[in-house]
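Colleague: I have just opened this one and would like a careful walk through it. Could we start with the aromatic residues and then move on to other parts?

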Amino acid sequence: MEKLSNPQKTIEVIKKHGFDFQKKFGQNFLIDEHVLDKIIAAAGITKEDFVLEIGPGIGTMTQRLAEAACEVAAVEIDRKLIPILQETLAEYDNVTIINMDVLKLDIAGLAREKNGGLPIKVVANLPYYITTPIIMSLFESGVPLLSVTVMIQKEVALRMQARPGTKDYGALSLAVQYYAEPYLAANVPQNCFIPRPNVGSAVIRLTRYAKPPVRVKDEKLMFRLIRASFGQRRKTLLNGLKNSPELTYSREDILDALVRAGLPENVRGETLTLEQFAALADVFADMQP
Ligand code: SAM
């Protein structure tokens, strides 16, 4: 079959099946071969790989993945796309199409069943309305992962890879960087999609760490501190922690913890590294009765 990344071919397939784009599913289909090349290259797909594709649409990227990988599972929520995928992917015997909401899929179970529990690669042009829940659930649910290479909203990609003290740095940067090393592979303009999204896009690869880069006694407590310190921008860390609905420490406890973690009283959360948040969380963990 002719490549689906050809815009005429995409339009032909859509018309033939009378498909209507669903805004609620974040449907912006890729129509640029060079962008596909960049995604496949950034993901480093080889014939050894089992790939999970989230949201295959009409199968544009799935075709490329099927050619490059050993096996592909493509999970698509929109049942109207399933007959289209069955047609556009008919010549590939290494693709499984799953009609489901990816947030409800047991991905660890799929990796066990299809890849003997070995780590998988995730590749996707993600639906932007659920980018963060998808990525965080992949990391937090213990799915065996090598990497996640995804097209996402550019602004979100910049936040994921931001370093301390920069304007994009926040809770998302720390959450992602606790689990993975980010690499921004490409910026993608709006005209590479049908229909055009209202925002710029970027391809980011998140390479999963075998072990987190910092050790912390209570991971959940560290993330509560992180959320609290970015809950109120431009406030001191002391005020952020004191006013958080998730924490119950007194001003004295917080001041004591800051001193013990070697941080100044007026420090702002947005300047703290992951290592400093981990150290602070360890001080608070020791304080608990
Ligand atoms: N991969 C195709 C491409 O690049 O042309 C389509 C990408 S489009 C940005 C996002 C796709 O994700 C759509 O096909 C949409 O129906 C699908 N999708 C949206 N929400 C989903 C969910 N919760 N689970 C699985 N697929 C979803």
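**Rings, a serine and a cavity**

Modeller: One aromatic cluster is formed by Phe139, Tyr178, Tyr179 and Phe223, where rings of Phe, Tyr and Trp (its six-membered ring) pair if their centres lie within 6.5 Å, with planes under 30 degrees apart counted as stacked, over 60 as edge-to-face and the rest as tilted. This is a predicted model, in which local features need pLDDT of at least 70 and side-chain atom pairs count only at pLDDT 80 or more, while totals for chains, interfaces and linings use all residues. Residues are numbered from 1 along each chain as its sequence is written, and side-chain values use heavy atoms, with hydrogens and water left out.

Colleague: How many aromatic pairs are there in the whole structure?

Modeller: A search of the whole structure gives nine aromatic pairs. In one of them, tyrosine 169 and phenylalanine 230 have ring centres 5.8 Å apart and planes at 80°, so the pair is edge-to-face.

Colleague: Which parts does that pair tie together?

Modeller: Tyrosine 169 is in the loop between helix 7 (154-160) and helix 8 (171-179), and phenylalanine 230 is in helix 9, so the pair ties together parts that are 61 residues apart in sequence. Helices here are DSSP runs (H or I, at least four residues), as are strands (E, at least two), numbered from the N terminus.

Colleague: Are tyrosine 169 and phenylalanine 230 buried or exposed?

Modeller: Both tyrosine 169 and phenylalanine 230 are buried, which means under 20% relative accessible area, with exposed being over 50% and partly exposed in between (1.4 Å probe, protein chains only).

Colleague: Switching topic, where is serine 229?

Modeller: Serine 229 sits in helix 9, which covers residues 219-231, and it counts as buried because its relative accessibility is 1%. Leaving aside residues up to four places away in sequence, serine 229 touches Leu237, Leu241, Gly269 and Phe277, a contact being heavy atoms within 4.5 Å.

Colleague: And what about cavities, how many of 30 Å³ or more are there?

Modeller: The count is one cavity of 30 Å³ or more, and the largest cavity holds about 380 Å³ of space. On a 1 Å grid over the protein atoms alone, a cavity is a set of points where a 1.4 Å probe fits but cannot get out, and lining residues have an atom within 4 Å of a point; the volume is the space filled by probe spheres set on the points, which are joined across faces, edges and corners.

Colleague: Which residues are closest to its centre?

Modeller: Of the 30 residues lining the largest cavity, the closest to its centre are Ile54, Gly55, Pro56, Glu76 and Asn125.

Notes:
On a 1 Å grid over the protein atoms alone, a cavity is a set of points where a 1.4 Å probe fits but cannot get out, and a pocket is an open set with protein on both sides within 12 Å along at least five of seven lines; lining residues have an atom within 4 Å of a point.
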